[in-house]
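Here are some notes for a colleague who is opening this structure for the first time. They are meant to be read with the model in view, one point at a time.

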Amino acid sequence: MGTITNHSLRETAGRIFEYMTKDHAGDWGLDFDHWDWVPGVGVIAIRDYYESTGRSDAMRFLVRWAEKNRGKAGGRRVINAMAPFAVFPALHRHTSDVLYRDLALAAGEWLLREAPRTREGALEHTVTEAVQFAEQVWADTVFMAVLPLSELAKSYGNRAFAEEALRQLLLHYRLLRDEASAVLFHGWNCAAGNHMSAARWTRANAWIALATPMILDNVRDLIPIPAEALDSFRRLIDGLLAFALPSGLWATVLDRSDFYPETSGSAGIAAGILRGVRSGWLEPSMRAHAGKTIAAVTAAVDDRGEVRGVSGGTPVLDSVEAYNAIPQYPTLYGQGLALMLISEALRGERE
């Protein structure tokens with residue numbers, strides 16, 4: 001990891017955490033007090049930061065956040081509203097409040113039995129905004145909904161949740177993979193039978209690169225892990241490394257090195273590599289590939305703890321070029337993916 005020390009990583013992680021937990025009320029990208037995927041990624045990252053460092057203030061923040069916002073958990077059921085439930089098992093264990101268990105299990109049952117599915121059986125990507133993406137499969141779904149389902153499977157020994165989480169993971173790989181490069185397209189339209197703009201969007205790949213080892217860890221004690229899952233993950237990582245820029249980042253669209261480098265997707269990919277190594281899904285030698293990314297991501301964190309170079313949220317866009325026009329601004333998912341990367345780096349160094 002070169003000159004980056006554990007001390008400097010801890011200091012950078014602390015600044016990221018402190019910036020993201022300030023009062024950003026009314027700022028969609030940084031406001032924790034709405035029930036959606038953006039704060040969902042934020043709280044997942046803070047949970048991982050707590051588990052990596054043991055910082056009690058991180059858990060205290062999660063408890064305060066949950067007490068303030070859990071009343072929103074029973075609202076409209078959509079894929080993008082599932083992400084916050086990933087931390088409810090940890091909150092249940094920490095507080096012994098069974099409401100967290102009950103709310104999370106209700107969300108899991110909705111995912112298992114009621115969530116809209118495409119004709120191919122994949123979860124249809126649904127959002128909290130008043131817009132529909134009928135018959136569309138997005139890479140984002142794997143992190144926002146399949147990961148939480150796997151967390152519930154592990155925490156409550158639910159084999160049906162585990163089986164569905166693995167089934168959805170494999171379906172998303174099959175539907176989104178570009179066989180030529182082994183990386184993933186942002187989306188698939190089941191009705192049209194195509195990948196729409198066919199954008200190999202970096203953050204789409206990051207959602208799955210990071211979620212895959214986490215999901216496999218969560219279900220491994222409940223169901224067998226098929227060779228297809230490991231092969232898909234390893235092929236994806238090899239394909240992603242072929243597109244890495246010399247800086248250690250990835251362009252916002254993988255195969256367009258003329259597009260701007262994007263911090264959040266790059267952090268997610270590197271975090272997925274480190275998590276894969278830690279869990280034994282990737283060879284230990286793969287860890288070295290994350291070193292440049294760690295340096296580049298930490299360099300993108302300013303003195304306030306704001307992670308710069310983060311692309312705004314987006315649906316599957318109409319053209320590849322449109323991804324390069326997405327503005328960059330600070331977000332909880334940008335902060336969160338950077339925090340997850342550094343948390344993984346700290347765990348790896350300790351182990």
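1. A residue is called buried here if its relative accessible area is under 20%. Leu332, in this predicted model, has a relative accessible area of 0% and is therefore buried. Leu332 belongs to helix α13, which covers residues 332-350.

2. Which residues does Leu332 touch, leaving aside those up to four places away in sequence? The contacts of Leu332 are Met20, Gly29, Leu30, Asp31, Phe32, Val38, Pro39 and Gly42.

3. Aromatic rings deserve a separate look, and the count comes to 13 aromatic pairs. One of them is formed by Trp35 and Phe85, whose rings are arranged edge-to-face, with 5.4 Å from centre to centre and 65° between the planes. This pair links distant parts of the chain, since Trp35 lies in the loop between α1 (6-20) and α2 (37-53), while Phe85 lies in the loop between α3 (56-69) and α4 (88-95), 50 residues apart. With a relative accessible area of 11%, Trp35 falls under the 20% limit and so counts as buried; Phe85, at 2%, is buried as well.

4. Trp35 also forms an aromatic pair with Phe88, again edge-to-face, and here the centres are 5.9 Å apart and the planes stand at 80° to each other. Here too the pair links distant parts of the chain, with Trp35 in the loop between α1 and α2 and Phe88 in helix α4, 53 residues apart. Phe88, like Trp35, is buried.

5. Two further aromatic features can be located in the model. Trp28, Trp37, Phe143, Trp207 and Tyr333 together form one aromatic cluster. Elsewhere in the list of ring contacts, the charged end of Arg70 sits over the ring of Tyr100, at 4.9 Å from the ring centre.

6. The axes of α1 and α2 come within 12 Å and cross at roughly 145°, and the crossing is left-handed. On the α1 side the residues that meet the partner helix are Arg10, Ala13, Gly14, Phe17 and Met20, and on the α2 side they are Gly42, Ile46, Tyr49 and Thr53. Met20 and Gly42 were also named above among the residues that Leu332 touches.

7. How do α7 (residues 159-176) and α9 (residues 227-241) cross? Their axes come within 10 Å and cross at roughly 45°, and the two helices are therefore oblique to each other. The crossing of α7 and α9 is left-handed. Leu166, Leu170, Tyr173 and Arg174 of α7 meet Glu228, Ala229, Ser232, Phe233 and Leu236 of α9.

8. The axes of α8 (residues 202-219) and α10 (residues 263-278) come within 8 Å and cross at roughly 25°, which means that α8 is roughly parallel to α10. The way α8 passes α10 is, again, a left-handed crossing. Residues of α8 that make the contact include Thr202, Arg203, Ala206 and Ala209, and those of α10 include Ser264, Gly265, Ser266 and Gly268.

Notes: Residues numbered from 1 in each chain as written. Predicted model: local features only at pLDDT ≥ 70, side-chain atom pairs only at ≥ 80, totals over all residues. Heavy atoms only, no water. Phe/Tyr/Trp six-rings, centres within 6.5 Å; stacked < 30°, edge-to-face > 60°. Helix = DSSP H or I, 4+ residues; strand = E, 2+ residues; numbered from the N terminus. Buried < 20%, exposed > 50% of the residue type's maximum accessible area, 1.4 Å probe, protein only. Lys NZ or Arg CZ within 6 Å of the ring centre and 35° of its normal. Contact = heavy atoms within 4.5 Å. Axes fitted to C-alpha atoms, helices over the stretch in contact; angles between N-to-C directions. Parallel < 35°, antiparallel > 145°, perpendicular 65-115°, else oblique. Left-handed = near helix turned anticlockwise from the far one by under 90°.
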